[in-house]
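Please work through the exercises below with the structure at hand. Each task is followed by a solution in steps.

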Amino acid sequence: MRMRLLNPGPVTLSRRVRESLMGQDLCHRCPEFGDLQSDVRARLAAVYPEAAQHYAAVLVTGSGTAAVEAMVGSLVPKDGKALVVANGVYGERIASMLQIHKTPYEVIRSDAEQPMNVAEVDRRLAGDHGISHVIAVHHETTTGRLNVMSVLGEICRERQVSLLLDAVSSFGGERLDFENWNLQACAATANKCLHGVPGVSFVLARREILKMSESNAPCLYLDLFRNFREQEAGYPLFTPAVQVTYALQEALRELEEQGGWQRRRQQYQQRSEVVRRGLLELGQELLLDEQHCSPVLTSFRMPEGIDFDNLYRELKARGFVIYPGQRALNGKIFRIAVMGDLTEEDMREFVRAFHETVSCLGGDVIALAAPV
Ligand SMILES: *Cc1c(COP(=O)(O)O)cnc(C)c1O
C-alpha cells in the first residue's frame with residue numbers, strides 16, 4: 001500500500017525525486033558538488049522570477065527551523081529591534097529564538113484562531129518606533145491560515161522597516177510579493193511545497209544585505225553571511241546533505257516542468273476543495289472560515305466522541321497519515337495538508353476512508369447513500 005502523507009511535511013515523494021537520492025557518491029569539495037550547489041541556489045532564486053535578480057539563496061543543512069533561525073539570528077542587527085507578529089506556534093517559535101539570542105524584540109500576538117493584529121502593528125510603527133525588522137509567518141501551519149500579507153507589507157514599506165518572513169510552508173506554492181512587502185528575506189525548506197526530501201533548508205535574502213561583511217549571527221553554524229560568502233565562492237561551509245541536495249535539484253526541475261508555483265497552488269486548491277467538500281458533506285466542521293484557509297492545509301474540528309489517536313491509527317491502516325493540533329489545539333482539531341506527490345483521486349479516496357473510519361469508530365457522520 002502506498003502511504004500518503006497528509007501531514008504538513010515531510011511530503012509524499014514522487015518517484016523521480018526518490019530515485020535521485022541514488023545519485024553518485026560525491027565529496028562536497030569536488031567541483032561536481034560546487035556545480036550542484038550553484039544550480040540549486042539559482043533554481044531556488046528563480047522559483048519567483050521577479051526575485052532572481054535581487055535575491056540570493058543561501059542553503060542551510062537542517063530542517064526549516066534552522067533556516068528561520070539563520071535568518072532572524074543573522075539579519076536583525078544588535079542595535080536593531082524586531083517586532084514579531086504572531087498568531088500561532090511558528091510565530092511564537094521565532095520569539096523564542098530571539099529571546100535565546102538575546103536580540104531585542106517585541107511581540108504583537110493574537111490567538112491562533114485569529115488573524116494577525118495588523119492594526120496594532122500600524123500603531124506601534126507610528127512615529128519614532130526604533131523597530132528595524134518586522135517578522136511574520138506567511139502561512140501559519142498551526143491552523144492553516146494564510147496570513148494576509150498585503151496590508152502588513154504596505155505598512156513595512158511605508159515605514160521603511162524590513163520584513164522577514166517565515167515562508168516555510170508557502171514557498172513554492174503561494175504568491176510572495178517581494179517588492180511590495182519590503183521583503184528583506186524569507187526562509188523555507190526542501191520538503192514542503194517544493195516536494196523535496198527533509199534535511200536542506202534555505203534563506204532567500206536581498207543580495208545587498210548578504211554582501212555586508214558584518215555579521216550579527218549568535219552562532220557559527222547558522223551565520224547566514226558566512227555561509228553566503230563560502231557558497232558564493234563555490235563550496236559549502238561545512239558538510240552538506242549531499243543526497244538531499246540531489247533530491248532538491250530534481251524536485252525543483254519537476255516544479256518548473258509542472259508549471260511553477262502558480263500551477264502548484266492551483267493543484268493544492270483543487271485537492272483541498274475535494275477534502276473540504278467531502279468532509280463538510282459528512283458533517284465535519286472547519287476550524288477557520290473557509291476564505292482564510294490556505295490551499296495547502298485545512299484544520300477540521302475533531303468529530304464528537306472520537307479520539308485523535310484512534311482516528312490517526314485507523315486512517316493510517318487505510319494508507320493516510322493525518323496530523324494533530326499543537327498546543328491549545330491538541331485534541332481539538334486534526335489537520336489535512338495536500339502537499340507532495342498526490343492526486344485529486346487520492347483525496348477522494350481519503351474522504352471515503354474518513355467516512356469508513358468515523359463510522360467504524362462510532363462517530364457521527366452523515367450517512368450518505370453514495371459517499372463521494
Ligand atoms: C514546518 C514549518 C516550520 C519548520 O519546521 P521544521 O520541522 O523545522 O522543518 C517553520 N515554520 C512553518 C510555518 C512551518 O510550517
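Predicted model: local features only at pLDDT ≥ 70, side-chain atom pairs only at ≥ 80, totals over all residues.

**Exercise 1. The shell around the ligand**

Task: List the residues around the ligand and sort them by class.

Solution. Step 1: The shell consists of Ser63, Gly64, Thr65, Tyr90, Arg93, Val137, His139, Thr141, Asp166, Val168, Ser169 and Lys192. Step 2: Sorted by class, these residues comprise 3 nonpolar, 6 polar and 3 charged ones. In this scheme Gly counts as polar and Tyr as nonpolar. Step 3: Two helices each supply at least two residues of the shell, namely helix H3, which spans 64–75, and helix H4, which spans 89–101.

**Exercise 2. Polar contacts and cover of the ligand**

Task: Determine which side chains place a polar atom 2.5 Å from an oxygen atom of the ligand, and state how much of the ligand the protein covers.

Solution. Step 1: Ser63 has a polar side-chain atom at a distance of 2.5 Å from a ligand oxygen. Step 2: For Thr65, an N or O atom of the side chain is likewise 2.5 Å from an oxygen atom of the ligand. Step 3: The side chain of Thr141 also has an N or O atom 2.5 Å from a ligand oxygen. Each of these pairs falls within the 3.5 Å limit for a polar contact. Step 4: On its own the ligand has 380 Å² of accessible area, of which the protein covers 85%. Step 5: As to its location, the ligand sits in the largest pocket.

**Exercise 3. A shell residue in a helix**

Task: Is Tyr90 buried or exposed, and how far is its C-alpha atom from that of His355?

Solution. Step 1: Tyr90 belongs to helix H4 and is one of the residues around the ligand. Step 2: The relative accessibility of Tyr90 is 16%, so this residue counts as buried, the cut-off being under 20%. Step 3: Tyr90 and His355 are 265 residues apart along the chain, and their C-alpha atoms are separated by 31 Å.

**Exercise 4. The surroundings of His133**

Task: Locate His133 and identify its polar partners.

Solution. Step 1: His133 is part of strand E5, which covers residues 133–137. Step 2: With a relative accessibility of 4%, His133 counts as buried. Step 3: A polar atom of the His133 side chain lies 3.4 Å from the backbone oxygen of Leu75. Step 4: The side chains of His133 and Gln184 are joined by a polar contact of 2.8 Å.

**Exercise 5. Backbone features in loops**

Task: Which peptide bond is cis, and what are the phi values of Gln160 and Arg327?

Solution. Step 1: The peptide bond from Gly9 to Pro10 is cis, and its omega is near -5°. Pro10 is in the loop that runs between strand E1 (4–5) and helix H1 (15–20). Step 2: Gln160, a residue other than glycine, has a positive phi near 55°. Gln160 is situated in the loop between helix H6 (149–158) and strand E8 (162–166). Gln160 counts as exposed because its relative accessibility is 70%, the cut-off being over 50%. Step 3: Arg327 likewise has a positive phi, near 50°. The loop between strand E13 (323–324) and strand E14 (333–337) contains Arg327, which counts as exposed at 62% relative accessibility.

Note on methods
Residues numbered from 1 in each chain as written. Heavy atoms only, no water. Near = heavy atom within 4 Å. Polar contact = N/O pair within 3.5 Å; in protein donor to acceptor, adjacent residues only side chain to side chain. Areas by Shrake-Rupley, 256 points an atom, 1.4 Å probe, with all protein chains shown as cover. 1 Å grid on protein atoms, 1.4 Å probe; cavity = no way out; pocket = protein on both sides within 12 Å on 5 of 7 lines; lining within 4 Å. Sits in = over half its atoms within 2 Å of the grid points. Helix = DSSP H or I, 4+ residues; strand = E, 2+ residues; numbered from the N terminus. Buried < 20%, exposed > 50% of the residue type's maximum accessible area, 1.4 Å probe, protein only.
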